[in-house]
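Let's look at a structure together, one question at a time.

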Amino acid sequence: MPDYVPHTDDDIGRMLADLGLNDVDELFAAVPGALRLAGGLDLPVGLSEYEVADEMSRLAAANRAGDLVCFAGTGAYDHDVPAVVRAIAGRPEFVTSYTPYQPEVAQGVLQALFEYQTLVSRLAGLPVANASVYDGATALVEAVNLAVAATGRSTVWVSRGVNPRWWEVLRALTAGRGLDLVEVPIVDGVTAWPSADAPVASVPGQALPAAVVCASPNVLGCIDPLRAARAVADERGALMVAVFDPIASGLLRTPGEQGADVAVSEGQPLGTPLSFGGPYLGMFAVSHEHVRRLPGRLVGRTRDVHGRTAYVTTLRAREQDIRRERASSNICTNQTLVAIAAMVQMAWLGTGGLRELALRCARGARYLREALVRVPGVTAAAGAPVVREFGLRVALPVATVVDRMAEEGFLAGVPVELGQEEVLVVAVTERRTRSEMDAYATAMEKVLS
Amino acid sequence: MSHAYVPRAAPGGRASSAPLMGGGDEPAIFEMSVPGRRCASLRATGVPEWTAEELVPAEELRPEPPTMVEVSERDLVAHMTRLAHRQYSVDMGAYPLGSCTMKYNPKLCDEAAALPGLRSAHPAAPVAYVQGWLELLWSLGEALCKVTGMDAITLQPPAGAAGELTGLLMMRAWHASEGRSPSKVLIPDSAHGTNPASVSLAGYRVVSVPSDGRGLVSPSVLSGYLDDDVAGIMLTNPNTLGLFEEHIAEVARAVHEARGLLYYDGANLNAIMGVTRPGDMGFDIVHMNLHKTFAVPHGGGGPGAGPVAVSRRLADFLPGPVPERWPDGSFAWHHPPRSIGRTHGWHGNALALARAWAYLLANGADGLRRVSEAAVLNANWLLSRLKGTYAVPYDRPAMHEVVVSTRDAPGPAAGLRALEVAKGLLERGFHSPTVYFPLVVAEALMIEPTETESPETVNALAEALIEVANTSAAELAQAPRTAPVTRADEALAARALVPTWDALSRG
């Protein structure tokens, strides 16, 4: 067992003597005897560092997912991550510090977060971004909670184009508050919002919404016009919450430009490997109007007593440790290290690099989609333009297709249930080459024949 | 009390030699940006090079990409390295933030979490291709159940507060399954702020229960709060004053008799591993902060991990899917029949969970018990040093952390505010403790040395705290003079909000 406790037996004896104690057990005198654990924990004894490393390597090697050529997405994308991101995000000053409660000795994390906030704000086209929440799904929950608090309403219209897994999280985490989450269908990849003249009572939910939630690109990879969602929000006096994608931001108009009050995103594509789903990064941006309802930490730039530039966490009165039961968010620990990785990735990409990355994903998606719809037994799930991902209907059960494609060496995509049907959602990142895509199409033909 | 033991070696956790000095400001990275300069290079793919106009409809296409920054990789690395040098960390020295458990994070766990076989797995991959991940998660879950004395677990919650909300929603679902809908959750007045915030988000009403004169929840006080409308109680044990809730068995009995459930906030689990278990105390729902007790590094504020373990009667309500071991030794996802649904987009902060598993394997049963013993020993020994200098509002044997105060201190510390002490400590080579928490103690300093600090370091920390206590408020008002900035103007930051570089350049 490697010993991370530095105390020698002599240390322990002398410290106990200072306390007037004879035995370490006496330190726990306040624990009633009946509650004492007899015989200790039912776990093996500790292992040496090398044995632990062997066991972790065995577990890692038992995953074969990394051997498959990855075309899976739906919120977790196989993008390249440059060495510089790992090097910086691996620095112990960032890895082993905590929430910057003492700004004087936390300027490093604070300034990095300020720079991260700036870049997220630019991606979202909104003036304020927070220092991160857990992931895209919980960012959406926070956005809905913000809208509910801002409007005093409890109905929310959410496009079916929002990732179904995020839908599940939204349902689960708002269940206690009795929100009425109204599903708005998508038709041919685009949300079919109720028309402006439809009386409130004629649409599901029968109450004015706190928010209208639209994802673009959506779960089928389609560009879903946010201006349409803005118009619906205006008609009903609701906030517009946009789910955006940081890579697609290199090509698409920003949520802010299209009238979003709140924009949220899964930040994983910026510098975080697939990592079996976490830790990821919830990006969260708002208009000025809602800054005092922003969940989580916010870093602001200020001055110190000597006039030097300083960064601090600010508008702290919003947060749970001060507002307690009146806080609209309970978040404390967030995803700072992942945010710093994203900041470095964004800086590494630069303005031109982001555009090029977005373009390559869109080109790949178009190339593979065109190749696959020529395969007998495959049709496109929607016709709307896509930027990195697209949905397919396939002639066999989707899970079967995924399993058989894996035997051919491909992680073919992610099964997504959409109403009555199940579609295969296929993602193409800048890592995928033309020859990989050609081979994928050939394998699909074999699997479906 | 005599302090016979004065360690002679140099304290390994005192950081006063660090060159953490502010010469000038570090420019914002935006100030280094030069149009056309870049780092990025992308691989050749052979895909046809359609233009943006050919791919995106004109009304959706942004003419220019958003302005990022345009810097060289060398300048980017230099900037981030200088920022790192303006940042304190556990790796640099002691970090005695109470309640946060800033223990040393073994490097072994970093390497484990960096294994390509763990990092490159897509979370939606078919189970046959991620057997290693499922085995890891299942094994970690089993071990955490044994540490807490519980029966089943979800690893999805990405932090402690997320675990709280998850647990409270399970509490709600369980009551509903019993045909009940009580509306209140009891919380002691010493609780973490996340507790009441989570209770509200779960749709419950918070009822605050006052601590008794000894800083504990008293069964007689509690009985006045228990009725049909109580869904449960949230407790931290040891509590935020660092005290063990001695009456916990009686409290559990009374809450259960009122048909309520007991929720254990595991922020302080570090104190009791191998000594006692929340399950044996009568708790029904337990969250753990793996970034505290199980040494997952705190990452400047996250990511953490907040698994929630429950007793058998709540297992069916867990968020799903959960990893399950089949008789043939393979692993699969199981969907609990009455699940409250997902509480994370995927399977939780998986790489943080991998670090915790490596830590658990390294320590084992013997190591975890030693962790708790040393954590409690360090805290009590530190407390014995501080008595006579600081006030000890609840003067009883502590667990893994201690709460002292400048208010009513016996000596000159009485004239200081907790904030002054914190800032004074920063220029004496130590990160400050948590200040102004718990709320039930005025001018509170909540100090958690953790088990990984040596007696030399704890001794040096005590001496630094005593030295600060004997320093004038006027002098402390200048502190910290050695840090890159001194007393940032927080009022200005809030009044003239500058949350982005663009807000600054817009003026």
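This is a predicted model: local features need pLDDT of at least 70, side-chain atom pairs count only at pLDDT 80 or more; totals for chains, interfaces and linings use all residues.

Student: What radius of gyration does chain B have, and why does it agree with a compact globule?

Tutor: The radius is taken over C-alpha atoms, and the globule rule is 2.2 Å times the number of residues to the power 0.38. With 507 residues, a compact globule would come out near 23 Å, so the value for chain B agrees: 25 Å.

Student: Is Thr236(B) buried or exposed?

Tutor: Thr236(B) sits in strand 4 (residues 230-236) of chain B; strands here are DSSP runs of E, at least two residues, and helices are runs of H or I, at least four, numbered from the N terminus. Leaving out residues up to four places away in sequence, Thr236(B) touches His192(B), Asn195(B), Glu245(B), Asp265(B) and Asn268(B), a contact being heavy atoms within 4.5 Å. Buried means under 20% relative accessible area, exposed over 50%, and partly exposed in between (1.4 Å probe, protein chains only). Thr236(B) has 6%, so this residue is buried.

Student: How much area do chain B and chain A bury between them?

Tutor: The contact draws 210 residues from chain B and 189 residues from chain A. Buried area is the accessible area (1.4 Å probe) that two parts lose on being put together, summed over both. Carbon and sulfur atoms carry 63% of the total, which is about 17,100 Å².

Student: Which residues of chain B lose the most area to chain A?

Tutor: Three residues head the list, and together they make up 5% of what that side buries. They are Glu60(B), Met68(B) and Tyr129(B).

Student: Which residue of chain A meets Glu60(B) in a salt bridge?

Tutor: A salt bridge is a side-chain nitrogen of Lys or Arg within 4 Å of a carboxyl oxygen of Asp or Glu. The count between chain B and chain A is eleven. In one of them, at 3.7 Å from N to O, the partner of Glu60(B) is Arg227(A).

Student: Which helix gives the largest share of the side of chain B that touches chain A?

Tutor: It supplies 29 residues of that side and spans residues 350-386. The element is helix 11 of chain B.

Definitions and conventions. Residues are numbered from 1 along each chain as its sequence is written. Chains are lettered from A and ligands numbered from 1 in the order in which they are written. Side-chain values use heavy atoms; hydrogens and water are left out.
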